[in-house]
Amino acid sequence: MGTLVIRWTEQRDIEKILEIEKLSFQSPWDITTFQSILSDEECYNISAVYDGQVAGYCFAQIMRKMVHLLNLAVHPDFQQKGIGRALVNEIISFARLSNKSYVFLEVRKSNSIAQALYASMGFTHVFSWRRYYSDTGEDASIMAKKIE
Ligand SMILES: CC(C)(COP(=O)(O)OP(=O)(O)OC[C@H]1O[C@@H](n2cnc3c(N)ncnc32)[C@H](O)[C@@H]1OP(=O)(O)O)[C@@H](O)C(=O)NCCC(=O)NCCS
């Protein structure tokens, strides 16, 4: 069992994040997207550092009453160690401390692993957004968790 630290994402993490992003998604975000979210004060961006290495990340947009989880990924070599759950837990804690009502996200209908993670943390399917993903035309499931 290694050591896991969740901390704010820093500029120096971007190279590793881009590598993980390309391994994780068929239409990965580019560096410009990451840079603009990293410099946006309305975003809460965290990285998971496992045994000293950036192993995963989560980017979220802070809205007036909600937190919008924009992106989540864990490097394939570090999956199934509880890192994804730890990142989402941190977003939920942040939402609670900031008095937000909900955390919500979009997830591909085919992404059963991510849906299982979110469901196990109390997120429920709210509605389907038809053909949300322009690359494949796939539907999104919009999932939300009420913050008590
Ligand atoms: C989704 C993702 C972030 C999960 O990260 P992870 O660190 O492996 O997740 P955890 O180890 O914290 O596992 C949490 C839960 O996820 C689910 N899960 C994770 N890997 C799974 C697998 N291979 N098969 C089935 N369920 C799985 C389980 O519900 C698990 O809970 P459990 O350990 O109690 O069974 C990771 O698989 C990933 O980066 N996938 C590619 C990118 C992606 O799909 N991001 C989400 C976009 S919405």
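Biologist: Which residues does Asp139 touch, not counting residues up to four places away in sequence?

Modeller: Asp139 touches Lys109, Ser128, Trp129, Arg130, Arg131 and Tyr132, two residues being in contact if their C-beta atoms, placed from the backbone, lie within 7 Å. This is a predicted model, in which local features need pLDDT of at least 70 and side-chain atom pairs count only at pLDDT 80 or more, while totals for chains, interfaces and linings use all residues. Residues are numbered from 1 along each chain as its sequence is written.

Biologist: Why is Asp139 called partly exposed?

Modeller: A residue is buried if 20 or more other C-beta atoms, placed from the backbone, lie within 10 Å of its own, exposed if 12 or fewer do, and partly exposed in between. Asp139 has 15 other C-beta atoms within 10 Å, so it takes the in-between class. Asp139 is found in the loop between β6 (124-129) and β7, where helices (H or I, at least four residues) and strands (E, at least two) are DSSP runs numbered from the N terminus.

Biologist: What makes Asn99 exposed, and where does it lie?

Modeller: Asn99 has 8 other C-beta atoms within 10 Å, and therefore counts as exposed. Asn99 lies in the loop between α3 and β5, and it has a positive phi of about 60° although it is not a glycine. The C-alpha atoms of Asn99 and Asp139, 40 residues apart along the chain, are separated by 30 Å.

Biologist: Why is Gln80 called exposed, and what is the value of its phi?

Modeller: With 9 C-beta neighbours inside 10 Å, Gln80 counts as exposed. The phi of Gln80 is near 60°, a positive value in a residue other than glycine, and Gln80 lies in the loop between β4 and α3.

Biologist: What makes Ile83 buried?

Modeller: Ile83, which is found in helix α3, has 23 C-beta neighbours inside 10 Å and therefore counts as buried. Leaving out residues up to four places away in sequence, Ile83 touches Leu4, Ala48, Tyr50, Ala55, Gly56, Val74 and Phe78.

Biologist: Why does Gly56 count as buried?

Modeller: Gly56, in strand β3, has 26 other C-beta atoms within 10 Å, so it is buried. Beyond four places in sequence, the contacts of Gly56 include Ile20, Ala48, Val74, Ile83 and Leu87. The C-alpha atoms of Gly56 and Val74, 18 residues apart along the chain, are separated by 4.0 Å.

Biologist: What makes the buried residues of α1 line one face of the helix?

Modeller: The buried residues of α1 are Ile17, Ile20 and Glu21. Seen down the axis of α1, these residues fall within an arc of 105°, so they line one face; the arc is that of the directions from the helix axis to the C-beta atoms. An α-helix has 3.6 residues a turn, so residues three or four places apart point the same way. The cover over the buried residues of α1 includes α2 (31-38), β3 and β4.

Biologist: How many residues belong to the largest nonpolar core, and which have the most contacts inside it?

Modeller: The largest nonpolar core has 31 residues, and those with the most contacts inside it are Cys58, Leu69 and Ile91. Such a core is a set of buried Ala, Val, Leu, Ile, Met, Phe, Trp, Tyr and Cys residues joined through C-beta atoms within 7 Å. The largest share of this core, 6 residues, comes from β3. Ile91 touches Cys58, Ala60, Val67, Leu69 and Val103, not counting residues up to four places away in sequence.

Biologist: Which residues are closest to the ligand, and which element gives the most to the shell around it?

Modeller: Among the 18 residues that surround the ligand, the closest are Gln79, Gly84, Arg85, Ala116 and Leu117, a residue being near a molecule or strand if its C-beta atom, placed from the backbone, lies within 6 Å of it. With 5 residues, α4 gives the most to the shell.

Biologist: Why does the radius of gyration of the protein chain agree with that of a compact globule?

Modeller: With 148 residues, a compact globule would have a radius of gyration near 15 Å, and the protein chain has 15 Å, so the two agree. The radius is taken over C-alpha atoms, and the globule rule is 2.2 Å times the number of residues to the power 0.38.
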